[in-house]
Amino acid sequence: GMQALAASSFFPNLTSLDVSRSWIGIAGMQAFAASSFFPNLTSLDVSGNQTGASGVKALAASSSFPNLTSLNVSHNQIGDAGRQALEASPFFTKLTLLRV
């Protein structure tokens with residue numbers, strides 16, 4: 001699953017990743033957020049994974065995606081806590097599209 005992908009160093013040039021509706025779970029989202037193997041990612045779709053605020057908070061606290069311009073976290077039941085974490089994140093300065 002997502003934890004195996006997060007641990008993989010085979011995709012350093014990947015720019016777009018869509019794992020929507022993949023049931024990655026909170027642990028998968030946290031593992032991905034902690035991964036340093038996706039520095040060129042510009043587009044990330046993790047919608048529909050029901051990770052809640054915990055999963056989104058992990059992404060918001062991660063400096064692993066410095067080139068991210070598009071992020072879709074919709075249908076994850078992130079609530080106010082998740083939205084606030086995204087708004088306060090110092091790491092998403094290049095975002096031009098955010099779907100919550």
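In this predicted model, helices α2 and α3 run roughly parallel to each other, because their axes cross at roughly 0° and angles under 35 degrees count as roughly parallel. Helix α2 covers residues 25-34, and its axis comes within 8 Å of that of α3. On the α2 side the contact is made by I26, M29, Q30 and A33, and on the α3 side by S54, G55, A58 and L59. Sorted by class, this contact of α2 with α3 has five nonpolar residues, three polar ones and no charged ones.

Helix α3, residues 52-60, also meets helix α4, residues 79-88. The axes of α3 and α4 come within 8 Å and cross at roughly 5°, and α3 and α4 are therefore roughly parallel to each other. Here A53, V56, K57 and A60 of α3 face A81, G82, A85 and L86 of α4 in the contact. By class, the contact of α3 with α4 has six nonpolar residues, one polar and one charged.

In soluble globular proteins, nonpolar side chains tend to be buried together. The largest nonpolar core in this model has 24 residues, and F32, L44 and L59 touch the most other members. Two or more residues come from each of α1 (2-6), α2, α3 and α4. Helix α3 gives the most to this core, with four residues. L59 is a member of this core and also takes part in the contact of α3 with α2.

What is F32 in contact with, leaving aside its neighbours within four places in sequence? The residues are M2, A6, L17, F38, L41, L44 and F65. One of these, L44, is itself among the core residues that touch the most other members.

Notes: Residues numbered from 1 in each chain as written. Predicted model: local features only at pLDDT ≥ 70, side-chain atom pairs only at ≥ 80, totals over all residues. Heavy atoms only, no water. Axes fitted to C-alpha atoms, helices over the stretch in contact; angles between N-to-C directions. Parallel < 35°, antiparallel > 145°, perpendicular 65-115°, else oblique. Contact = heavy atoms within 4.5 Å. Nonpolar A, V, L, I, M, F, W, Y, C, P; charged D, E, K, R; others polar. Core = buried A, V, L, I, M, F, W, Y, C linked by side-chain atoms within 4.5 Å. Buried < 20%, exposed > 50% of the residue type's maximum accessible area, 1.4 Å probe, protein only.
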